[in-house]
Amino acid sequence: GWSLLLFSSPPPKALTRANYQPYLIPPVEAATHFFTYMTGAMLAAALVVIYLEWKTRYRWWPIVTVLAVIAATLLTTQGIFPLNRELEAGIADAARLRAVLDPWMSLNRWRVALWTVQWLAMMAYFGLKAYRTEPQP
């Protein structure tokens, strides 16, 4: 997510009615396909970890992860997907393109922030588990 924001995407002001679709639509479609399955795997894995860690202090890290995954998924399905559909359909008006791209970019920045929370929570979990001080069950 961070590499996309920092390096891969053209600056939003460089996107026009004539050029935005090749830059945005194929990567968005590929990401949607990938994350549809990856989100399920992430939730399943985090729920297993929560179950296994339920009686320990480590359960909070995967709980934070699940909450951030759910928040990112809701942000995507409720906020970003409607804008994706409009972008895919084609926008002929420059003002409308700007009105769609600006919130689309903002929502994507929020999603990257949620992905960062997910990553940090799981890295904290693994880091703390590596230096565990409580006895093994």
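This is a predicted model: local features need pLDDT of at least 70, side-chain atom pairs count only at pLDDT 80 or more; totals for chains, interfaces and linings use all residues.
## A tour of the helices and their salt bridges

Select E53 and K129: their side chains meet in a salt bridge, 2.6 Å from N to O. The two residues belong to distant parts of the chain. E53 sits in helix α2, which covers residues 20–53. K129 sits in helix α4, residues 94–130. The separation is 76 residues.

How many salt bridges does the whole structure hold? A search finds three. Side chains of opposite charge can pair when their charged atoms come close.

Go next to R96 and E86. Their side chains form a salt bridge with an N to O distance of 2.7 Å. R96 is in helix α4, and E86 is in helix α3, residues 60–89. The pair links distant parts of the chain, although R96 and E86 are 10 residues apart. Check the cover on each one. R96 counts as partly exposed because its relative accessibility is 37%, between the 20% and 50% cut-offs. E86, at 26%, also counts as partly exposed.

Stay on helix α4 and select D102 and R98. Here the side chains meet in a salt bridge at 3.7 Å, N to O. Which helix holds the two partners? Both lie in α4. They are four residues apart, about one turn of the helix. D102 is partly exposed, with a relative accessible area of 37%. R98 is partly exposed too, at 23% relative accessibility.

**Stop three: a nonpolar patch**

Move along to W119, L120, M123 and F126. What do these residues make together? They make a nonpolar surface patch of about 440 Å². Pick out L120, one of the four. L120 is placed in helix α4. Its relative accessible area is 48%, so L120 counts as partly exposed; the exposed class starts over 50%.

**Stop four: α3 against α4**

Look at α3 and α4 first. Their axes come within 9 Å. The crossing angle is roughly 165°. Why does the pair count as roughly antiparallel? The angle of roughly 165° is over the cut-off of 145 degrees, so α3 runs roughly antiparallel to α4. The crossing of α3 past α4 is left-handed.

**Stop five: α2 against α3**

Turn to α2 and α3. Their axes are 10 Å apart. They pack at an angle of about 155°. That angle is also over 145 degrees, and therefore α2 and α3 are roughly antiparallel to each other. α2 passes α3 in a left-handed crossing.

Now select L43, in helix α2. How far apart are L43 and V69 in sequence and in space? In sequence, they are separated by 26 residues. In space, 7.2 Å separates their C-alpha atoms. L43 itself is partly exposed, because its relative accessible area is 24%.

**Last view**

E53 and K129 link α2 with α4. D102 and R98 both lie within α4.

Methods
Residues are numbered from 1 along each chain as its sequence is written. Side-chain values use heavy atoms; hydrogens and water are left out. Buried means under 20% relative accessible area, exposed over 50%, partly exposed in between (1.4 Å probe, protein chains only). Patches are made of residues with over 30% relative accessible area and no salt bridge: like charges are joined within 9 Å, nonpolar side chains (Val, Leu, Ile, Met, Phe, Trp, Tyr) within 5 Å. Accessible areas come from the Shrake-Rupley method with a 1.4 Å probe; for residues, only the protein chains shown count as cover. Axes are lines fitted to C-alpha atoms, for helices over the stretch in contact, and angles run from 0 to 180 degrees between N-to-C directions. Angles under 35 degrees count as roughly parallel, over 145 as roughly antiparallel, 65 to 115 as roughly perpendicular and the rest as oblique. A crossing is left-handed if the near helix is turned anticlockwise from the far one by less than a right angle, and right-handed if clockwise.
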